[in-house]
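Please examine the structure before working through each solution.

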Amino acid sequence: MTSISRFAAFVLFAAITFATLSPIQLRPHLGDANTERALAYALFGLALAFGFRARLVQAMLFVCAVAGVLELLQAFDPGRHARLQDALLKAAAGLIGIALARIVLAVATTVVARSKPQNSDRPLGSKT
């Protein structure tokens, strides 16, 4: 699952980069722009958190950096606009995606731990 999540994060990163930096007429339109941004970054955060479980802080910093840098790069394209509120929305959505993934992982770990037999206090070979 880790490899799939990392691949998904890479694909989402590429898609977000294309949608952010391409001419506005080439950007896919699925609905409200803020909803699209939030969904894309939430999925990106989710994929990062599943793909890099031991790298929570790095994933959080990366999703925020991507949101900020890509938004800043829009300032150099005359047909696009860079806005702080868009960068903050994207970063917040990415962090929410990471938080959701961490919750899912914590619940899954708890469920797996509860389903295992609790015979670890008996010595090996004991039949009691």
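**Exercise 1.** Determine in which hand α1 passes α2, and how the two helices are oriented to each other.

*Solution.* In this predicted model, the crossing of α1 past α2 is left-handed. Next, consider the geometry of the pair: α1 and helix α2, the latter spanning residues 33-51, pack at an angle of about 150°, and their axes lie 8 Å apart. Angles over 145 degrees count as roughly antiparallel, so α1 is roughly antiparallel to α2.

**Exercise 2.** Identify the residues that make the nonpolar surface patch, and state which helix gives the most to it.

*Solution.* The patch covers about 490 Å² and is made by L21, V69, L72, L73 and F76. Helix α3, residues 56-73, gives the most, with 3 residues.

**Exercise 3.** Locate L73 and classify it as buried, partly exposed or exposed.

*Solution.* L73 is found in helix α3 and is one of the residues of the nonpolar patch. Its relative accessibility is 37%. Buried means under 20% and exposed over 50%, with partly exposed in between; L73 therefore counts as partly exposed.

Notes. Residues numbered from 1 in each chain as written. Predicted model: local features only at pLDDT ≥ 70, side-chain atom pairs only at ≥ 80, totals over all residues. Heavy atoms only, no water. Patch = residues over 30% accessible without salt bridge, like charges linked within 9 Å, V, L, I, M, F, W, Y side chains within 5 Å. Areas by Shrake-Rupley, 256 points an atom, 1.4 Å probe, with all protein chains shown as cover. Salt bridge = Lys/Arg side-chain N within 4 Å of Asp/Glu carboxyl O. Helix = DSSP H or I, 4+ residues; strand = E, 2+ residues; numbered from the N terminus. Buried < 20%, exposed > 50% of the residue type's maximum accessible area, 1.4 Å probe, protein only. Axes fitted to C-alpha atoms, helices over the stretch in contact; angles between N-to-C directions. Parallel < 35°, antiparallel > 145°, perpendicular 65-115°, else oblique. Left-handed = near helix turned anticlockwise from the far one by under 90°.
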